[in-house]
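Here is a report on a predicted model, written to be read beside the sequence and the coordinates. It starts with the way the chains meet, then turns to folds and side chains.

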Protein chains: 2
Amino acid sequence: MIKFCNSCGATVTHRIPEGDSLIRAVCDQCGTIHYQNPKIVVGCVPVLGERILLCKRAIEPRYGLWTLPAGFMENNESASQGAAREALEEANARVEIEDLYTVYSLPNISQVYMLFRAKLLHEDVSPGLESLEVKLVREEEIPWDQLAFTMVRKTLEHFLEDRRRGVFVPRFGDILPPLR
Amino acid sequence: MIKFCNSCGATVTHRIPEGDSLIRAVCDQCGTIHYQNPKIVVGCVPVLGERILLCKRAIEPRYGLWTLPAGFMENNESASQGAAREALEEANARVEIEDLYTVYSLPNISQVYMLFRAKLLHEDVSPGLESLEVKLVREEEIPWDQLAFTMVRKTLEHFLEDRRRGVFVPRFGDILPPLR
């Protein structure tokens, strides 16, 4: 929740600016409007032969569960550069990014996931700061009941299905929280 | 440039937080780290029969040039919802969003464009607040020398090519500024 203007330090007011339709944090002292927008999470499915690289999370949320290497995209990088950077940071894995494969919106947490297919360029991966453990798994070794996120499960399911068919088809969609 | 903490109002320092690798605006008073991340622009190619909906910009940048309806994605909406909302806001156009079609990273301005194919559901479109004029154009009527953005030109080129072939293939890539 924005309380102060990060440009001049004055207290902001929360109102709909002229010509807008949503409530924003507006600084009446210097005129800055503080927009808040969804964040992009970029990652990849690193593949070496038959095996896929997974990382066991050393951070919350979902500490101790398995994920594909992914993280928040940074300013001044492209989505594919960000995806390669995350593989390096989380698993000391050098990858060659291929096509964009899955794009999921998670409107309830204002995030968009963008996951690429990727070639893992070497076998000697190791955990980065945000991973407890990393491993290369065959299809039958995937820990389906210990995956961290729905987007990981969906991406792996599509990937395995497409690999069997021999044709990779990009997917996009929305992931909403389960109904209570 | 962030100078003050928007949570407690204290002056921030710019340094690399522990466990991070990039300089962030850090509040030493309340501990908040102010991350800055790329923004997503969502839009669509609204099609009615042979014609495509274009909008003449009433705002900077590129005032007076032609674009596809698109704008910043908002929190708590999905990418496809945002794309439909922008068509309504900019051209009073109701659309049915189809597949994700082009995804472009613009790292120099820290934006990612996500454009969908869409069915325009009616003919009576009209300019919203951010448009001077809107029109439905056939291929030969596209104002190629008056398009606002590279991503618009690329998306229209791919769309027309794919329509001729009868197969729409999603594209992704990076758009960098011209070399000087």
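Through which surface do the copies meet? They meet through the same surface, because 100% of the interface residues of chain A are also interface residues in chain B.

## Basis of the model

This is a predicted model: local features need pLDDT of at least 70, side-chain atom pairs count only at pLDDT 80 or more, and totals for chains, interfaces and linings use all residues. Residues are numbered from 1 along each chain as its sequence is written, chains are lettered from A and ligands numbered from 1 in the order in which they are written, and side-chain values use heavy atoms, with hydrogens and water left out.

## Chain A overall

Chain A holds two helices and eleven strands. Helices (H or I, at least four residues) and strands (E, at least two) are DSSP runs, numbered from the N terminus. In order from the N terminus, the elements read β-β-β-β-β-β-β-α-β-β-β-α-β. Along the principal axes, the C-alpha atoms of chain A fill a box of roughly 60 × 30 × 30 Å.

Of the 180 residues in chain A, 50% are buried. Buried means under 20% relative accessible area, exposed means over 50%, and partly exposed lies in between (1.4 Å probe, protein chains only). Chain A exposes about 8,900 Å², and carbon and sulfur atoms supply 50% of that area. Areas come from the Shrake-Rupley method with a 1.4 Å probe; for residues, only the protein chains shown count as cover. Among contacts in chain A with a separation of 6 or more, 59% join residues 24 or more positions apart. A contact means heavy atoms within 4.5 Å.

## Strand β9 of chain A

Strand β9 (residues 111-120) of chain A is mostly covered, with nine of its ten residues buried. It pairs with strand β4 (residues 39-48) of chain A through nine bridges, and the two run parallel. Here A:K39 stands opposite A:Q111. Two strands pair if DSSP finds at least two bridges between them.

Strand β8 (residues 95-106) of chain A is also joined to β9(A) by nine bridges, but these strands run antiparallel. A:L100 stands opposite A:F116 in β9(A). β8(A) and β9(A) form a hairpin with four residues between them. In the turn, A:S110 has a positive phi of about 50°.

## A three-strand sheet in chain B

Chain B has an open sheet of three strands, ordered β1-β2-β3 with antiparallel pairing. β1 (13-15) and β3 (33-34) of chain B stand at the edges with a single partner strand each, so one side of each has no neighbour in the sheet. Three bridges join β1(B) to strand β2 (residues 24-26) of chain B. B:R15 stands opposite B:R24 in β2(B).

## Salt bridges

Over all chains, the structure holds 32 salt bridges. A salt bridge is a side-chain nitrogen of Lys or Arg within 4 Å of a carboxyl oxygen of Asp or Glu. One of them joins B:E123 and B:R51 (2.9 Å, N to O). That pair links distant parts of the chain, 72 residues apart: B:E123 is in the loop between β9 (111-120) and β10 (131-137) of chain B, and B:R51 is in strand β5 (residues 51-57) of chain B.

Another joins B:R117 and B:D99 (4.0 Å, N to O). B:R117 lies in strand β9 of chain B and B:D99 in strand β8 (residues 95-106) of chain B, so the pair ties together parts 18 residues apart in sequence. B:R117 is buried at 15% relative accessible area, whereas B:D99 is partly exposed at 43%. In helix α2 (residues 150-165) of chain B, B:D162 and B:R165 lie three residues apart, about one turn. Their side chains meet in a salt bridge (3.0 Å, N to O). B:D162 is buried, with a relative accessible area of 0%.

## B:N37 and chain A

B:N37 sits in the loop between β3 and β4 (39-48) of chain B. B:N37 is buried, at 15% relative accessible area. Its neighbours by contact include A:K39, A:F72, A:M73 and A:N75.

The side chain of B:N37 makes a polar contact with the side chain of A:K39 (3.1 Å). A polar contact is a pair of N or O atoms within 3.5 Å; within protein, one must be able to donate a hydrogen and the other to accept it, and residues adjacent in sequence count only if both atoms are side-chain atoms. The side chain of B:N37 also reaches the backbone oxygen of A:M73 at 2.9 Å.

Note on methods: Lists of a residue's contacts leave out its neighbours within four places in sequence.
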